[in-house]
Structures are given as structure tokens and as C-alpha cells.
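Welcome! Let's learn to read a protein model together, one feature at a time.

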Amino acid sequence: MLEEKKVAAENDAPELQRGIKGWQVTFIGLGGVIGSCYFLGLGLSIQTMGPAVIIGFGIVGVIIYAVMVAYAELLVNLPRKGSFVSYTKEFLGPQWSIGMGWAFWCNWVAYVPSEAVAMATVLQYLTGSTSATFYIATAVGAMAAITVINLCAVNIFAKIESGLAITKVVVIILFVILAFGIWVGLWGSDQFLGGSINFGGDASFAESLFPKGALIVFTQMTLVLVTCQGTEIVGLAAAESQDPEHSVPKACRSVTWRLLGLYIVPIILVLLIYPWDLANDSNPVFADIMERYDMGFFGTVMSAVVFVAAFSCANTGFYGTVRAMYGLACEGLAPKFLTKLTKTGNPRNCVWFTLACMWVVLVLGLVSELTGALETLYGSLLSISGFTGTLAWIGICMSQVVMRRRLRARGYDPRVCLKAKVSDKLEWLPFAGACVQVIALVMLVIEDQLVFGIALAAVVVPMLVRWINVKRGTARDVVLVSKGEKSFDETFPDLTKSSDKQGPA
């Protein structure tokens, strides 16, 4: 193995720009989650799992909390710019890190163009157009808009994305108000519905809750995971926030509870007013509900918000995957030219490299649409995203677990020396969250071997390339350390081999 070298940034070298305010970090995290998959995929989740979908989202909510507290602990105690890749390399090793990092990159490179295609689909639905030229032009235009925004300074991106995220949150709150009114009989229905829609038959509560069996919660867990993925963008954005030590822990924790509110509460209301077996992914379930209760105007609003959601999620995903690639390059796990920053702190080479790959995927997607294969492609891309995105979450959780183990081995007490730490009573949570996600991935292997094979290639191929380069002695193992950053060894010197008992450096 090559000896790793750490190279500090030059004093006059540009730094990754810090132009994001604390409140924007939270909304950027929400923007990475609430995409077209939230509005369209939610119907598919309900159709697949029945009322048990609420159990699945509850479990994923706990997983999200585990990931967020683990990431906050890493970010605050060992500040990094770039992505979670810095932590996976330091604590899990370069081989696992390169697999997880490139998988995360491939996840968004495939997902962002699919959102552009989704935007074109929604516009066709809203306008009633059947023109292939209109469809192609809309998809290309959406991708072009995403391109322009991400070529701008990071503070401009933050303002645009925060505004889009706020719009989505407002529409979801509007649905909650309307759905609650339908449930209690204020409008749309003339009586209190109670639990009659999905729980009012002769079947027992357990049979109504699990119409397809309790095991469905685990076999379809990846579908729920991909619907919620994107929260790790909070950490990527936090690296560029103006006050990371205070904003990161607050944003990582608050985004969990806000996501639970934006998912759990609407799902409960959906199950109270809408038969689960009518749900599907051909139109947003929120829009179907409004149409069912003769509230067509709001149904149009719910359909239109899919366009905003898709654009916003694609925009955030573009931002996140560019930062992930920058992190890979800084850790010596991607070509060196990708470490270059502009004078304003923009990783422009990473942007262009990622952008070129996304345009290739978009073109392939449009060709698939013209040949009638888009539906299969879109669904497969979501499954691939679920697999590769889950690897990133597992990497974050296990990095935090390994960091705490190393601290104890060096004579530190994590309960004393760490800032923004997880509750001592919940120290087991990140490890448990990682285990549940591994089980979900195993279930994906059982359900869809083709998707598993494609997703696995995204992990194995970069690892294989690095292994070959190491054997040939051509691997780049130089880590570019930003100003003020310290490694784990520098921050927490081994107290068992030193008389220094004063704690972290």
C-alpha cells in the first residue's frame, strides 16, 4: 500500500466557499429529500405496503435520526469540507471509501436526469401536450436551468434552493390542512370519517394494517429509504455554512423531526381518507385525494408542485454530488484535476465533469422514452438510487462508530471529549441504524437481482480500479487538507503512549 501524504492548502489558495446561512442548511436538506419521488413514490409505497407503510416510514425515521446525529458528531469534532468521503476514508479505509464515494456520486448522476425527465412528464400532464418535441425541449430546458444555477456562486444556489424548499413545505402543510378538514367533515365529506376508510371492515386491526403481511415492511424497505434519501446533503451544505459548529448539530437534529412531520402526518391523513388499494405512482396521491373529494383546483396545485419538487431535488442533488466528487478528489480517490477551485471557491471542474455525465444519462433517458422503455428505466434508477444512497448512510454511521472505538482505545472518554455528541443512552443507535440498512439491502438482492448487479458495479468497479493502480504504484494517495483541518490523529493524540492528559489538540 502506498504511504499516504497529507498536503496542506497554500495560504493564498482558494477555499471551498462558505456562503450558506444556518437556516438555509436545514431547507437545503429538506430540498434534497422532497422530490418527485416523495409525491409519486409515496403512492407506490402505499400501493405496495398498504397501511403498513406508516410502520416503514417510522423505522426509516429512526434511521434518519441515527445518521444525522452520527454525521453531526463527525462534522463538529473533525470539521471537513467536501463530503462524508473524508470520514469513510479515515475510519473505514480508502478501499471502502472509494466504493461508497463513487456509488454516492453515481446515485445522483443517475437520479438528477431522471428528475428532469419527471419535470417534462408533469408539464405534459398539466398542459395536455402530446408533442415529443415539447417533451424533449422541456427536459433539456430543466437540465439547462439546473446547470446554470450550479455554475453560480454557492450563496445564489442557497437562496434559490431554500425558496424552492419552502414552497414544497407550504404545499405539504396545505395538504395537511385540507386532508384534516376532509377527515372531520368540514369540506369534501359530510361526516367524520374516523377509521372507516381503511380500518372499518370486518378484518381485525392487525389484518387491516398488514393486508400483505408484516414481512412486506422489510422486503420493501429500500423503496421507503429512497423516498427519504437526501438528508445527508445537510452535512455537505454544513461544510459551507457560515457558523458550522452551531448550525450543524441544530440542523442535523431538526431536519429529522421536520421530515417526520412532513412524512408521517400526511401519510396518516392519507390512510384516514383514501383507500390504500387505489394508490399508484401514475399521479400524485395528494392530487388523487383532492379529485376524489371534488376539490379539483387543489388537485391541480398538488400535481403542479411535483414540477417544483423535481426541480428542487435535482438542483440539490447536483450540488451534493459535486461536493462528493470534490471530496473524493481531495482524498486522492479521484483524478487530481477535480481538486481545482475557482477564485470564488467553486469546484468548477467537478461541476463540469459531473454535468457531462448527467447529460449523457439524460440523453439515454430521452432515447428510452422515445422507444417506450422510460417507465422501466425510471423505476430502475430509483432502486439503484436506493441501494447506492443507503451505502452512504451506512458509511456515515460506521465512521462514527469506529471513531468512538478509537477514542476509547487511545484513552479518551467520548462522553467527555466530544462536542455535539449523541446521547450517551443512545450510543448504540448509529450501529443499529447501519444494521437495519444492511438488512434492507439484502432484501433488495432477493427482490431485484438486476438492479443489485448494476448498483454493485457502481461500488466494485472504482474499488477494482484503485486496487489495480495500487498494485502498479500509480495510485494517488495524497490528501489535500484545507486550512484549519486536522486529522483524527492530530486532534486526538494517543494518551496511552504519551504523558499528555489534557485531551484533544
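The dialogue below walks through a predicted model.

Q: Where do I look to find the centre of the largest nonpolar core?

A: As a general idea, in soluble globular proteins nonpolar side chains tend to be buried together. Here, the largest nonpolar core has 134 residues, and the members touching the most others are F39, F57, I273, F286 and I289. Helix 15, residues 296–330, gives the most to this core, with 16 residues.

Q: Which residues does F39 touch?

A: Leaving aside residues up to four places away in sequence, F39 touches I34, I172, P284, V285, F286, V305, V306 and A309.

Q: Is helix 14 mostly covered or mostly open?

A: Helix 14, residues 285–292, is mostly covered, since 6 of its 8 residues are buried.

Q: What span should helix 15 have, and what is the distance between its ends?

A: The idea is to count 1.5 Å a residue, so the 35 residues of helix 15 should span 51 Å. Its end C-alpha atoms are 51 Å apart, which agrees. Helix 15 is also largely enclosed by the rest of the structure, because 27 of its 35 residues are buried. G332 follows the helix and has a positive phi, near 75 degrees.

Q: How many salt bridges are there in the whole structure?

A: The approach is to look for a nitrogen of Lys or Arg within 4 Å of a carboxyl oxygen of Asp or Glu, counting side chains. A search of the whole structure finds 5 salt bridges. One of them joins R404 and E427, at 3.1 Å from N to O. This pair links distant parts of the chain: R404 sits in helix 17, and E427 in the loop between helix 18 and helix 19, 23 residues apart. R404 is buried, at 2% relative accessible area, while E427 counts as partly exposed at 22%. E73, R404, R408 and E427 are linked in a network of salt bridges.

Q: Which side chain does D489 meet in a salt bridge?

A: D489 meets R410, at 2.5 Å from N to O. D489 is in helix 21, whereas R410 is in the loop between helix 17 and helix 18, 79 residues apart. D489 is partly exposed, with a relative accessible area of 46%, and R410 counts as buried at 18%.

Conventions: Residues numbered from 1 in each chain as written. Predicted model: local features only at pLDDT ≥ 70, side-chain atom pairs only at ≥ 80, totals over all residues. Heavy atoms only, no water. Core = buried A, V, L, I, M, F, W, Y, C linked by side-chain atoms within 4.5 Å. Buried < 20%, exposed > 50% of the residue type's maximum accessible area, 1.4 Å probe, protein only. Helix = DSSP H or I, 4+ residues; strand = E, 2+ residues; numbered from the N terminus. Contact = heavy atoms within 4.5 Å. Expected span 1.5 Å × (residues − 1).
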